[in-house]
Amino acid sequence: MFVEIGALVQKDVGQQAVDGLKDQEGVRIVSMETGRSSDLFDKKDFGDFGEAAIVTVIADDDLKDAVFDKLFQVCELTDQKQGLIFMSPVIAKTTVS
């Protein structure tokens with residue numbers, strides 16, 4: 001079974017997350033999309049907008065807490081408060097070999 005763990009963070013933090021999670025046990029897929037945000041971040045590179053990243057992680061359900069904690073750590077959210085992360089309920093009830 002799998003869960004989706006996501007993060008909405010500043011663009012440079014998103015790349016840190018992808019790099020930090022790509023070899024993490026329990027991570028099946030990690031990807032990032034970028035865009036612009038006008039409300040979540042103080043740093044504004046484009047007038048009223050700043051660059052943002054959405055990181056999506058598909059993780060094994062039995063290792064979801066370790067993956068979530070690693071994402072939180074890699075994004076430095078304890079100290080920087082530069083984004084948010086979330087986790088879905090189980091999204092697929094199957095296994096991948």
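Buried means under 20% relative accessible area, exposed means over 50%, and partly exposed lies in between. With that in hand, select Arg-28: its relative accessible area is 41%, so Arg-28 counts as partly exposed. Bear in mind that this is a predicted model.

**The whole chain**

Zoom out and show the cartoon. Trace them along the sequence and the order reads β-α-β-β-α-α-β. Of the 97 residues, 34% count as buried. The accessible surface comes to about 5900 Å². Carbon and sulfur atoms hold 48% of that surface.

**Helix 1**

Select residues 11–21, which form helix 1. Which residues of helix 1 are buried? Colour Val-13, Gly-14, Ala-17, Val-18 and Leu-21: these are the buried ones. Look down the axis. They cover an arc of only 145°, which puts them on the same side of helix 1. The spacing fits a general rule. An α-helix has 3.6 residues a turn, so residues three or four places apart point the same way.

What do the buried residues of helix 1 pack against? Show strand 1 (2–10), strand 2 (27–37), strand 3 (50–60) and helix 2 (64–74). Those four elements are the packing partners.

Next, the charged pairs. Side chains of opposite charge can pair when their charged atoms come close. How many salt bridges does the model have? The count comes to 3.

Start with Lys-11 and Glu-51. Their side chains meet in a salt bridge, 3.4 Å from N to O. Lys-11 sits in helix 1 and Glu-51 in strand 3, so this pair links distant parts of the chain, 40 residues apart. Lys-11 is partly exposed, with a relative accessible area of 35%. Glu-51 is partly exposed as well, at 27%.

Move along strand 3 to Asp-60. Is Asp-60 buried or exposed? Its relative accessibility is 12%, under the 20% cut-off, so Asp-60 counts as buried.

Show side chains and go back to Arg-28. Asp-60 and Arg-28 meet in a salt bridge, 2.9 Å from N to O. Asp-60 lies in strand 3 and Arg-28 in strand 2, so the pair ties together parts that are 32 residues apart in sequence. The two side chains are also joined by a polar contact of 2.9 Å.

Now display the surroundings of Asp-60. Leaving aside neighbours within four places in sequence, Asp-60 is in contact with Met-1, Phe-2, Gly-26 and Arg-28.

**Lys-64 and Asp-61**

Select Lys-64 and Asp-61 for another salt bridge. The closest N and O atoms of this pair are 3.2 Å apart. Lys-64 is partly exposed at 27% relative accessibility. Asp-61 counts as buried at 19%.

**Ser-88**

For the last stop, select residues 83–92, which make up strand 4. Pick out Ser-88 within strand 4. Ser-88 has a relative accessibility of 19%, so Ser-88 counts as buried. What does Ser-88 touch, not counting residues up to four places away in sequence? Show Val-3 and Glu-4: Ser-88 touches both.

Definitions and conventions
Residues are numbered from 1 along each chain as its sequence is written. This is a predicted model: local features need pLDDT of at least 70, side-chain atom pairs count only at pLDDT 80 or more; totals for chains, interfaces and linings use all residues. Side-chain values use heavy atoms; hydrogens and water are left out. Buried means under 20% relative accessible area, exposed over 50%, partly exposed in between (1.4 Å probe, protein chains only). Helices (H or I, at least four residues) and strands (E, at least two) are DSSP runs, numbered from the N terminus. The arc is that of the directions from the helix axis to the C-beta atoms. Contact means heavy atoms within 4.5 Å. A polar contact is a pair of N or O atoms within 3.5 Å; within protein, one must be able to donate a hydrogen and the other to accept it, and residues adjacent in sequence count only if both atoms are side-chain atoms. A salt bridge is a side-chain nitrogen of Lys or Arg within 4 Å of a carboxyl oxygen of Asp or Glu. Accessible areas come from the Shrake-Rupley method with a 1.4 Å probe; for residues, only the protein chains shown count as cover.
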